[in-house]
Amino acid sequence: LADNRVVFVGENHDRYSHHLGQLEIIAGLHQRNPSLAIGMEFIQQPFQPVLDKYIAGEIDEEEMLRGTEWFVRWIYDYRLYRPIFQYALEHGIPIIALNVPKEITRRIAKVGIEGLTDEERSKVPAEIDDSSQTYRERLRAVSRCTA
């Protein structure tokens, strides 16, 4: 893994053991190359400044949770992710907010990407690879379960 520029590590959001496995991978990569960042797909991009302040030690954990609107925008228990956040804080590893704002994803669900305004569209990746039929079927199944 250490030879790769980007490493994706999946998980079931509600499985603590999965997050501990992620932490092992992060720690192992960090030992080999301390110049890394941790991307988190569930934290929305507008909250990047809050994460930066947290890692810089300018705000505490409670302020970070409030500032990222954790309990409003992410339904999973923070304690599942806390060891990763603590490791990043202790080692000064940047955490990168990867997701678009929830307001944009909700709007896409209503009007599709084509229905977004230019301003809204600027917050979405320019290219979206939807070529995997298996992945599209998985997303459809998930959306049926959560609808």
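This is a predicted model: local features need pLDDT of at least 70, side-chain atom pairs count only at pLDDT 80 or more; totals for chains, interfaces and linings use all residues.
Colleague: How is a pair of packed helices read?

Modeller: Two packed helices are described by the angle between their axes and the distance between the axes. Axes are lines fitted to C-alpha atoms, for helices over the stretch in contact, and angles run from 0 to 180 degrees between N-to-C directions. Here helix H1 (residues 16-32) packs on helix H5 (residues 82-91) at about 20°, with the axes 9 Å apart. That makes H1 roughly parallel to H5, a term for angles under 35 degrees.

Colleague: Which residues make the contact of H1 with H5?

Modeller: Contact means heavy atoms within 4.5 Å. H1 contributes Tyr 16, His 19, Leu 20, Gln 22, Leu 23, Ile 26, Ala 27 and His 30, and H5 contributes Pro 83, Ile 84, Tyr 87 and His 91. The residues of this contact are eight nonpolar, four polar and no charged. Ala, Val, Leu, Ile, Met, Phe, Trp, Tyr, Cys and Pro count as nonpolar, Asp, Glu, Lys and Arg as charged, and the others, Gly among them, as polar.

Colleague: At what angle do H2 and H5 cross?

Modeller: Helix H2 (residues 48-55) and H5 cross at roughly 60°, their axes coming within 8 Å. H2 and H5 are therefore oblique to each other, the class left once angles under 35, over 145 and from 65 to 115 degrees are taken out. Leu 51, Tyr 54 and Ile 55 of H2 meet Phe 85, Gln 86, Ala 88 and Leu 89 of H5.

Colleague: How is empty space found?

Modeller: Rolling a probe the size of a water molecule over the atoms shows where empty space is left. On a 1 Å grid over the protein atoms alone, a cavity is a set of points where a 1.4 Å probe fits but cannot get out, and lining residues have an atom within 4 Å of a point. Grid points are joined across faces, edges and corners, and a volume is the space filled by probe spheres set on the points. The search finds one cavity of 30 Å³ or more; the largest cavity holds about 50 Å³. S1 gives the largest share of its lining, three residues.

Methods
Residues are numbered from 1 along each chain as its sequence is written. Side-chain values use heavy atoms; hydrogens and water are left out. On a 1 Å grid over the protein atoms alone, a cavity is a set of points where a 1.4 Å probe fits but cannot get out, and a pocket is an open set with protein on both sides within 12 Å along at least five of seven lines; lining residues have an atom within 4 Å of a point. Helices (H or I, at least four residues) and strands (E, at least two) are DSSP runs, numbered from the N terminus.
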